[in-house]
Amino acid sequence: MAEIRRRAKVEDGDAEVRVKRGFWPALKRVARNVPFASDLVAAYYCALDPKTPRSVKLVLYGALAYFVLPFDAVPDIIPLLGYGDDMALLAAAITGVATSITDDHRRRAHETLSEMDN
């Protein structure tokens with residue numbers, strides 16, 4: 001996780017700003033190819049929730065920043081592989097903090113994705 005934070009230059013406020021600015025455009029680019037898009041959006045809402053513990057926020061912001069930033073271990077422009085590392089990292093982060101992702105976060109994610117489909 002330290003490597004993720006280093007690459008994303010995750011500082012308390014910096015990561016939040018980067019994620020808020022880049023999350024939706026990045027999600028729209030890959031949403032149809034991400035089998036856990038609902039979990040990804042729920043993780044986003046969990047990271048923004050003031051009730052989420054700081055340690056969970058750091059994990060989520062690190063993983064979400066890695067997803068949002070165009071520079072990572074495997075460049076996103078490489079077909080099929082480009083988002084593979086992003087998805088693996090996000091899946092691991094979401095699994096690690098799953099108990100902090102509430103039913104409300106999941107409900108909001110479902111509503112948001114439903115609106116995007118319309």
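Student: Is Leu58 buried, partly exposed or exposed, and what is its relative accessible area?
Tutor: Leu58 is partly exposed, as its relative accessible area is 22%. Buried means under 20%, exposed means over 50%, and partly exposed is in between, with a 1.4 Å probe and protein chains only. This is a predicted model, where local features need pLDDT of at least 70, side-chain atom pairs count only at pLDDT 80 or more, and totals for chains, interfaces and linings use all residues. Residues are numbered from 1 along each chain as its sequence is written, and side-chain values use heavy atoms, leaving out hydrogens and water.

Student: Which helix does Leu58 lie in?
Tutor: Leu58 lies in helix H4. Helices are DSSP runs of H or I with at least four residues, strands are runs of E with at least two, and both are numbered from the N terminus.

Student: And how far is Leu58 from Ala15 in space?
Tutor: Their C-alpha atoms are 8.6 Å apart, although 43 residues separate Leu58 and Ala15 in sequence.

Student: OK, back to H4. At what angle do H4 and H5 pack?
Tutor: Helix H4 (residues 54-68) and helix H5 (residues 84-96) pack at about 165°, and their axes are 9 Å apart. H4 is therefore roughly antiparallel to H5. Angles over 145 degrees count as roughly antiparallel, under 35 as roughly parallel, 65 to 115 as roughly perpendicular, and the rest as oblique. Axes here are lines fitted to C-alpha atoms, for helices over the stretch in contact, with angles from 0 to 180 degrees between N-to-C directions.

Student: Which residues in H4 meet H5?
Tutor: On the H4 side they are Val59, Ala63, Leu64, Tyr66 and Phe67, and they meet H5 residues including Met87, Leu89 and Leu90. Contact means heavy atoms within 4.5 Å. The residues of this contact divide into 9 nonpolar, no polar and 2 charged. Ala, Val, Leu, Ile, Met, Phe, Trp, Tyr, Cys and Pro count as nonpolar, Asp, Glu, Lys and Arg as charged, and the others, Gly among them, as polar.

Student: What about H3 and H4, how do their axes cross?
Tutor: The axes of helix H3 (residues 37-48) and H4 cross at roughly 130° and come within 9 Å. H3 and H4 are therefore oblique to each other. Among the H3 residues that meet H4 are Leu40, Tyr44 and Cys46. That contact holds 11 nonpolar residues, no polar ones and 1 charged.

Student: Zooming out, how many helices and strands does the chain have?
Tutor: The chain has 6 helices and 0 strands. Of its 118 residues, 46% are buried.
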